[in-house]
Amino acid sequence: MIGALRQSDGRQLTSLATPIAMTQLAQVAVSTTNIALMGTLGVQQVAAGGLALVLFNQIRTMCVGLITGTGNQVATVVSRAEKQGRRADIQVREVVRSSFLIATLAGVLGGAVLIGLGWALRWLGQDAAVLADARPMMVALAPGLVPCLWFQALRQYTIGMQRPQALLLVTLGSVALNLVLALAFMHGWLGLPELGLTGIGVATSLVFLITFGVFWAMVRRDAKLSATLPIRMWPVHVATVREELRLGTPIALTYGSEAGMFSVLALVMGSLGAAALAAHNIVYQLVYIVFQVAIGLSHGASILVSRAVAREEFTHARTVAWLALRLAGVVALLTGIAYVVVPDLVLRPFLVDSDPATVRLAHTLLLIAIVLQFFDAAQNIGVGLLRGLKDTKAGFRLSLVGYWAVGLPTALLLAFPFHLQAAGVWWGLTAGLATTAVLMLRRYFALLHVREQEHPRVLAGSLGH
């Protein structure tokens, strides 16, 4: 019976996680393509454009965190309604309206912050020439934040309804569109202005808007989803917005804590020179690609945990956690083998015209990434599991310990007093991610144990399900 339950949980997890992960991978292909295009412009352009993308991703990640709880809220509302034998259409619409309002306000504010950072970074020891190239791209990326967040709000709704859309073809199409538009704006094709690096940012913002429009049309054509998807974005109830922010703010701070450490360490790399920053941006992009699989597993596991907890099926919640971690471990292992066996092939798309210093550093960081990406995946899954238990505040507190009390000091200590420089930064980053992963997973399993003790009959009931 237990084996049958595990197989069922495995099928549910993969059916939820796979379309999410594939969509994430296709989406990140846009930024990966952008980094590759920057490589054709030179090392300084990779450093400048990569810095702009790192800061954009920092802000986007925090804003996405504000609405990530939407999926859990929808799943909880639907599960409780099913248990009581009623429909949850009105409550679902309220959650979705709240999510879109938060996404819009966060996108506008986040875009303004991104533009402001372009001028604030001059006081943080960054290369003046790199900043001069990065600022126009930040301005071009800022408007794309709003449709990007609308897309995420809509996607969380579909995940919560356990109908994640098959967006692979759409997002692959967006990669091709981004490539064409980026090249056109970079080189002034089709009568467009020749914008160079800034053209990549313009193309990316346009692609975010187009992708959201296509996704909205797809969801409206789905009979089950269109029945509960609100066409009007009003009225919005303050209580629903407050509940969404209560759940989402700690998630945003947790995501921001991790992304913030990456951003700060990118600035540290910038202080080590353009070659170090370029190598960091390239390998970070590779790790970010693998991370998308963890995001799919994290979201899928989170929704299944929310549903299991709503039905007091704690054994399923534990099984789902271990399944997600094992799958993440397999992905990290397979990609790590590629980093060792064919490192030149892995790095080739990003090193079209780079100096030897950048190439050597990229190879060194790629080896460290083998260890780093496993803990990166594990801590993200931990965030999702805790979100499934609606324990988002603990995730933020634990991330502060792992990233800022362990990761950042270790990185600075290894980079400068121990003179490991770029490699030291990445080993410190690995230490922070590992600490955070252990703390979050320990918290999750401890909470499950407590709840099982509080409901002694639940375990027997779930085994007989």
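How much space lies in the largest cavity? About 730 Å³, in a predicted model where local features need pLDDT of at least 70, side-chain atom pairs count only at pLDDT 80 or more, and totals for chains, interfaces and linings use all residues. Residues are numbered from 1 along each chain as its sequence is written, and side-chain values use heavy atoms, with hydrogens and water left out. Here's a quick tour, starting on the inside.

**Cavities**

- Searching the whole structure turns up five cavities of 30 Å³ or more. A cavity here is a set of points, on a 1 Å grid over the protein atoms alone, where a 1.4 Å probe fits but cannot get out. Grid points are joined across faces, edges and corners, and the volume is the space filled by probe spheres set on the points.
- The largest cavity has 41 lining residues, and lining residues are those with an atom within 4 Å of a point. Nearest its centre you'll find Gln 24, Arg 60, Tyr 288, Gln 292 and Ile 295.
- Helices are DSSP runs (H or I, at least four residues), numbered from the N terminus.

**Salt bridges**

- The whole structure has two salt bridges by this search. To count, a side-chain nitrogen of Lys or Arg must be within 4 Å of a carboxyl oxygen of Asp or Glu.
- One of them pairs Glu 243 with Arg 246, with 2.8 Å between the closest N and O atoms. Both residues sit in helix H9 (residues 238-271), three residues apart, or about one turn of the helix.
- Glu 243 counts as partly exposed because its relative accessibility is 27%, and Arg 246 counts as partly exposed at 38%. The cut-offs are under 20% relative accessible area for buried, over 50% for exposed, and partly exposed in between (1.4 Å probe, protein chains only).
- Arg 443 and Asp 391 make a salt bridge too, at 2.8 Å from N to O. This pair ties together distant parts of the chain, 52 residues apart: Arg 443 is in helix H15, while Asp 391 is in the loop between helix H13 (356-388) and H14.
- Arg 443 is partly exposed, with 31% relative accessibility, whereas Asp 391 counts as buried at 13%.

**A nonpolar patch on the surface**

- Val 330, Leu 333, Leu 334, Ile 337, Val 340, Val 341, Val 342, Leu 345 and Leu 367 form a nonpolar surface patch with about 840 Å² of accessible area together. Patch residues have over 30% relative accessible area and no salt bridge, and nonpolar side chains (Val, Leu, Ile, Met, Phe, Trp, Tyr) are joined within 5 Å. The areas come from the Shrake-Rupley method with a 1.4 Å probe.
- Helix H11 (residues 314-341) supplies the largest share of the patch, six residues.
- Val 340 is part of helix H11, and it is exposed because its relative accessible area is 52%.

**Positive phi angles**

- As background, most residues other than glycine have a negative phi.
- Leu 190 has a positive phi near 55°. Look for Leu 190 in the loop between H6 and H7, where it counts as exposed at 77% relative accessibility.
- Gln 421 isn't a glycine either, yet its phi is positive at about 50°. Gln 421 belongs to helix H15 and is partly exposed, with a relative accessible area of 46%.

- Gly 191 is in the loop between H6 and H7, and its relative accessible area of 75% makes it exposed.
- Phe 212 lies in helix H7 and is buried, with a relative accessible area of 12%. Phe 212 and Ala 317 are 32 Å apart, C-alpha to C-alpha, and 105 residues apart in sequence.
- His 419 is in the loop between helix H14 (392-415) and helix H15 (421-454), and it is exposed at 66% relative accessible area. A polar atom of the His 419 side chain lies 3.4 Å from the backbone oxygen of Pro 417.

Definitions and conventions
Helices (H or I, at least four residues) and strands (E, at least two) are DSSP runs, numbered from the N terminus. A polar contact is a pair of N or O atoms within 3.5 Å; within protein, one must be able to donate a hydrogen and the other to accept it, and residues adjacent in sequence count only if both atoms are side-chain atoms. Patches are made of residues with over 30% relative accessible area and no salt bridge: like charges are joined within 9 Å, nonpolar side chains (Val, Leu, Ile, Met, Phe, Trp, Tyr) within 5 Å. On a 1 Å grid over the protein atoms alone, a cavity is a set of points where a 1.4 Å probe fits but cannot get out, and a pocket is an open set with protein on both sides within 12 Å along at least five of seven lines; lining residues have an atom within 4 Å of a point.
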